[in-house]
Amino acid sequence: MAKPEKTFFSYLTRRNLPRDTPVDALIMLQQHIDFSKHAFTMAIIMTVNVFGASFLVKRWVPESHIQIWGAINLALALLLIMDTLLKRGRPLPKKVSGRYLRRSEFLSVLFGSTWGALPFFVGHDEDLAMILTGLMIPPMASGMSSLLTRVPRIVLRYAFSASISAFVYCAYTQSVAGMTVCVMMSFFLVALYLGARNSFEAYTSDVHATLQAEESRDLLIGALEASHQAFAIFDEEGDIIVENQLYKQIFGKEKDILKPFDTPIKRDGLYWQKSVQNIEGVGDVVVYTDVSRIEETRSEIEHARNEAEAANEAKTRFLGSMSAELKAPLDVISACAGVIGTSSNIPCSEEEVRDYADKIAEQALILSSTLDGIISYTRMDNEGYLSHSSEVAVADTIESVVRKIMEGPNTRFSGNVKVSVPKNLCATMDQASFEVIIRNLLKNALEAGSGVPIILKAGMVSGVGLVVMIRDRGRGMTQDVLESAFEPFFHSRPAHQKYDQNSGIGLGLSVAKRLAEAQGLRIRLRSEMGKGTTAFLTIPEGLVRRTHTNEPVDDMLNLPETEPRTA
C-alpha cells in the first residue's frame with residue numbers, strides 16, 4: 001500500500017483527475033461545486049488586494065508600472081465574475097466530466113504566475129519589491145486554501161505558480177532581502193502542502209465512510225424486508241428518518257403514535273403487535289410484528305386460492321409468450337424459404353440466396369435457444385428436478401460460478417465483478433440449483449451493468465439468515481419493468497435491438513425465482529433508473545451453519561437506498 005505522501009503527491013501531479021471509482025466521481029463533483037460556488041468570492045478578494053497593493057506601491061515607489069500588473073489581475077478577476085454570472089440560476093449538477101476543473105486548474109496557474117510577477121512591476125527598489133511580494137502571496141494562497149479545502153490541486157497550483165514567479169525575480173536580482181523572503185515563502189509552501197494533504201485525506205476518508213454507510217443502509221433495508229416486519233425510525237421531533245416498504249404500505253398513510261399497544265391492532269386483514277424502543281440521541285424505533293394466528297386457517301385458504309389464480313394466470317402468460325417467441329422466427333424462416341424455394345418466381349442472385357440462408361440460420365438459432373429454455377423451464381415442474389439437499393460451501397460455490405462466467409462468453413466482463421463472501425458459511429440446499437440462481441442473477445447484472453464493477457457481497461443478518469447481494473450500476477429499471485421482471489420470456493430489450501444469444505430469452509430471473517422458492521429461499525429486486533439494480537437472495541437462518549476456518553473472516557454484513565421490491 002502506498003504511503004499517504006506519495007498518494008497525495010501523485011494525485012496533485014497526475015495529468016487528469018481520477019474518475020475510476022464512485023468515490024472519485026463524488027469527489028470530482030463536490031470539487032466542481034465548491035469552485036463554482038466560491039469563484040465570485042475569490043474574484044472580490046483578488047480585486048480588493050489588487051487595489052491595496054497598487055496603493056502601497058504608488059505610495060512608496062512613485063515611478064513604477066504597477067498599473068499594468070493591476071490591469072492584468074483585474075482582467076483575470078473579471079473572468080471569475082463572468083463565470084459566476086454564466087452559471088447563475090443553473091441547478092447543481094449531479095454528474096460532471098471534469099473539463100471545468102481542468103480548465104480551472106490551468107487558470108489557477110495563470111492567476112498565480114501573474115500575481116507572483118508583482119516585483120517585476122514595482123520598480124528599481126529590489127528589496128522593497130520582494131518584501132511586497134512576500135506580503136501579498138501568502139494571504140492570497142491561505143485565503144484560497146480556506147475556501148477550497150476540498151480542491152487542493154487548484155490551491156497548490158496557484159501557490160506554487162505565484163512563488164515560482166517570485167523566485168525567478170529573486171534569482172535575477174540576487175537581492176539578499178529577496179532571498180530571505182524566498183526562504184520564508186518556501187517554508188510557507190511546505191506548511192501549505194502538509195495542511196492541504198491532511199485536509200484532503202480527512203475529506204476522502206469521509207467520502208469513503210459516506211458511501212459505505214449508504215451501501216450498509218441499502219442492504220440493511222433489504223434484510224428488513226426479508227424479516228416480514230414493518231420497521232421505522234423516528235427522530236426526536238417525530239419525523240421518519242428511515243422506513244421499509246412494508247411499513248410505508250401499511251402504516252405510512254397516517255401519523256403514527258409513538259407508544260406501544262397492549263393488544264394487537266388489525267391492518268389490511270392482518271393482526272400486528274407493536275413495540276417501541278427509544279434510543280438516546282437517535283429517536284424512537286417502531287417495529288410491527290405479524291401475529292395473525294387467529295386468522296391462520298382463513299389465510300391458508302386464501303393463500304391457496306391466490307396461488308391457483310396466479311398459476312392459471314402464469315400459464316396463460318406462458319402460452320402467450322411462448323406462441324409469440326416461436327411465431328416470429330417461424331414467420332421469418334417461412335418468408336425467406338418462400339423467396340428462394342423452387343416454387344418461387346422471384347429471381348435471386350447467389351449472394352442474395354446466401355443472405356436468405358443466413359437469416360434462416362439465425363432464426364433457427366433463436367428457435368433452438370427458445371425451445372431449450374422452454375424445456376428447462378417446464379422440467380422444473382417435475383418433483384425430482386431438485387436432486388437433493390446437501391451442505392453447500394457458499395463462498396466456494398459463488399466463486400466457482402463467477403469464474404465459469406468470466407471464462408465463458410462473458411470474458412469481456414473479466415475483472416468487472418468484486419466478490420466479498422465469508423469463507424466460514426455453509427447452507428443446506430440443492431447445490432446445482434443454487435449455482436443456477438447465482439449465475440442467472442449475476443448474468444442479469446452483467447448484461448445491464450456499466451463500467452462500474454458489479455458488487456457481490458454476502459453475510460449473516462441476525463434473525464434473518466444469509467443475505468447475498470448482487471448490485472450493478474447500470475441503466476436500472478422502471479417500475480413497470482420491475483413488476484414484470486420475473487415473468488417468463490420477459491426482457492427489457494427494445495423491439496428494434498437485434499437478438500443476442502448471450503442475453504437469453506427472458507427466463508433467467510423467472511427460473512431463479514422458482515428454484516429459490518422451491519427451497520424456501522427468497523429473491524427481491526430494488527432498482528432505480530440511472531442508478532442501477534440490486535438483487536437480494538435470502539437463505540433462512542435455519543439452513544445456514546458456520547464452519548471453522550483458519551482465515552480471518554467477518555461473517556456479519558457491513559450492510560448497504562430505497563426499499564427492494566418483493567419477487
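Visitor: Is Asp472 buried or exposed, and which side chain of opposite charge is nearest to it?

Guide: This is a predicted model, in which local features need pLDDT of at least 70 and side-chain atom pairs count only at pLDDT 80 or more, while totals for chains, interfaces and linings use all residues. Residues are numbered from 1 along each chain as its sequence is written, and side-chain values use heavy atoms, with hydrogens and water left out.

Asp472 is buried, where buried means under 20% relative accessible area, exposed means over 50%, and partly exposed lies in between (1.4 Å probe, protein chains only). For charge, Lys and Arg count as positive and Asp and Glu as negative, with His and the chain ends not counted. A salt bridge needs a side-chain nitrogen of Lys or Arg within 4 Å of a carboxyl oxygen of Asp or Glu.

Asp472 sits in the loop between strand E10 (465–471) and helix H14 (479–484). Helices (H or I, at least four residues) and strands (E, at least two) are DSSP runs, numbered from the N terminus. A polar atom of the Asp472 side chain lies 2.9 Å from the backbone nitrogen of Gly474. A polar contact is a pair of N or O atoms within 3.5 Å; within protein, one must be able to donate a hydrogen and the other to accept it, and residues adjacent in sequence count only if both atoms are side-chain atoms.

Asp83, Lys87 and Arg103 are linked in a network of them. Between Lys87 and Asp83, the closest N and O atoms are 3.4 Å apart. These two are four residues apart in helix H3, so about one helical turn separates them. Asp83 counts as buried because its relative accessibility is 11%, whereas Lys87, at 24%, counts as partly exposed. Arg103 also bridges to Asp83, with the closest N and O atoms 2.9 Å apart. That pair links distant parts of the chain, as Arg103 is in helix H4 and Asp83 in helix H3, 20 residues apart. Arg103 is partly exposed, at 42% relative accessibility.

A further salt bridge joins the side chains of Arg545 and Glu391, at 2.7 Å from N to O. Arg545 is in strand E13 (residues 544–546) and Glu391 in strand E6 (residues 390–393), so the pair ties together parts 154 residues apart in sequence. Arg545 is partly exposed at 40% relative accessibility, and Glu391 is partly exposed at 46%.

Helix H4 also holds Ser104, which counts as buried because its relative accessibility is 2%. The side chain of Ser104 reaches the backbone oxygen of Tyr100 at 2.8 Å. Not counting residues up to four places away in sequence, Ser104 touches Phe35 and Ile154, contact being heavy atoms within 4.5 Å.

Next come the nonpolar residues. A nonpolar core is a set of buried Ala, Val, Leu, Ile, Met, Phe, Trp, Tyr and Cys residues joined through side-chain atoms within 4.5 Å. The largest has 63 residues, and Trp69, Trp115 and Leu148 touch the most other members. Among the helices that each supply at least two residues of this core are H3 (66–87) and H4 (99–116). H2 gives the largest share, 13 residues. Leaving aside neighbours within four places in sequence, Trp115 is in contact with several residues, including Met46, Trp69 and Tyr158. A second, separate core of 46 residues includes Val468, Ile470, Ala485 and Leu521.

The last stop is strand E5 (residues 283–290), which is mostly covered, with six of its eight residues buried. Strands pair if DSSP finds at least two bridges between them. Strand E1 (residues 229–234) pairs with E5 in the antiparallel sense over six bridges, and Ala230 stands opposite Tyr288 in E5. Strand E4 (residues 270–279) runs antiparallel to E5, joined by eight bridges; the partner of Trp272 in E5 is Asp290. E4 and E5 form a hairpin with three residues between them, and Gly281 in the turn has a positive phi of about 85°.
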